[in-house]
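Work through the following exercises with the structure open beside the text, trying each task before reading its solution.

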Amino acid sequence: ILWVAFLSLSSYLSLVIIISLRLKNSSNSVMHLIVSFVTLHFSYGLGSLIGIFTVIKQTLKGKK
């Protein structure tokens, strides 16, 4: 399972880097693409964590 996870992550990151470099033109830079990538994933992850903790909190209070 660890090899599958590593292969999946490494291929995903490689693909993101390749696509970011191909999208680079005069109007945007690789740095802007990296910042937007991190922002997107951070906000998505934070929202997921807030949702999980909200469900756990409601379950512990007896609300479902």
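**Exercise 1. State how many helices and strands the chain has, and what share of its residues is buried.**

In this predicted model, the secondary structure of the chain consists of two helices and zero strands. The helices are H1, which covers residues 2-23, and H2, which covers residues 30-61. Turning to burial, 5% of the 64 residues of the chain count as buried. The chain exposes about 6000 Å², and carbon and sulfur atoms supply 75% of that area.

**Exercise 2. Find the aromatic pairs, and classify each one by its geometry.**

A pair of aromatic rings is described by the distance of the centres and the angle of the planes. Rings pair if their centres lie within 6.5 Å, and by this rule the count comes to two aromatic pairs.

Step one takes Trp3 and Phe6, whose ring centres are 6.2 Å apart and whose planes stand at 90 degrees, so this pair is edge-to-face, given that angles over 60 degrees are classed in that way. Both Trp3 and Phe6 belong to helix H1, where they are three residues apart, about one turn of the helix. Trp3 and Phe6 are both exposed.

Step two takes Tyr12 and Phe37, with 6.4 Å from centre to centre and 40 degrees between the planes, a pair that is tilted. This pair links distant parts of the chain, since Tyr12 is in helix H1 and Phe37 is in helix H2, 25 residues apart.

Step three asks how accessible the second pair is. Tyr12 has a relative accessibility of 39% and therefore counts as partly exposed, while Phe37, with a relative accessible area of 26%, is partly exposed.

**Exercise 3. Identify the residues of the nonpolar surface patch, and describe two of its members.**

The patch is formed by Met31, Ile34, Val35, Val38, Phe42, Leu46 and Ile50, which together have about 690 Å² of accessible area. One of these residues, Ile34, is found in helix H2, and with a relative accessible area of 43% Ile34 is partly exposed. Met31 also lies in helix H2, but Met31 counts as exposed because its relative accessibility is 56%, and the cut-off for that class is over 50%.

Key. Residues numbered from 1 in each chain as written. Predicted model: local features only at pLDDT ≥ 70, side-chain atom pairs only at ≥ 80, totals over all residues. Heavy atoms only, no water. Phe/Tyr/Trp six-rings, centres within 6.5 Å; stacked < 30°, edge-to-face > 60°. Helix = DSSP H or I, 4+ residues; strand = E, 2+ residues; numbered from the N terminus. Buried < 20%, exposed > 50% of the residue type's maximum accessible area, 1.4 Å probe, protein only. Patch = residues over 30% accessible without salt bridge, like charges linked within 9 Å, V, L, I, M, F, W, Y side chains within 5 Å. Areas by Shrake-Rupley, 256 points an atom, 1.4 Å probe, with all protein chains shown as cover. Salt bridge = Lys/Arg side-chain N within 4 Å of Asp/Glu carboxyl O.
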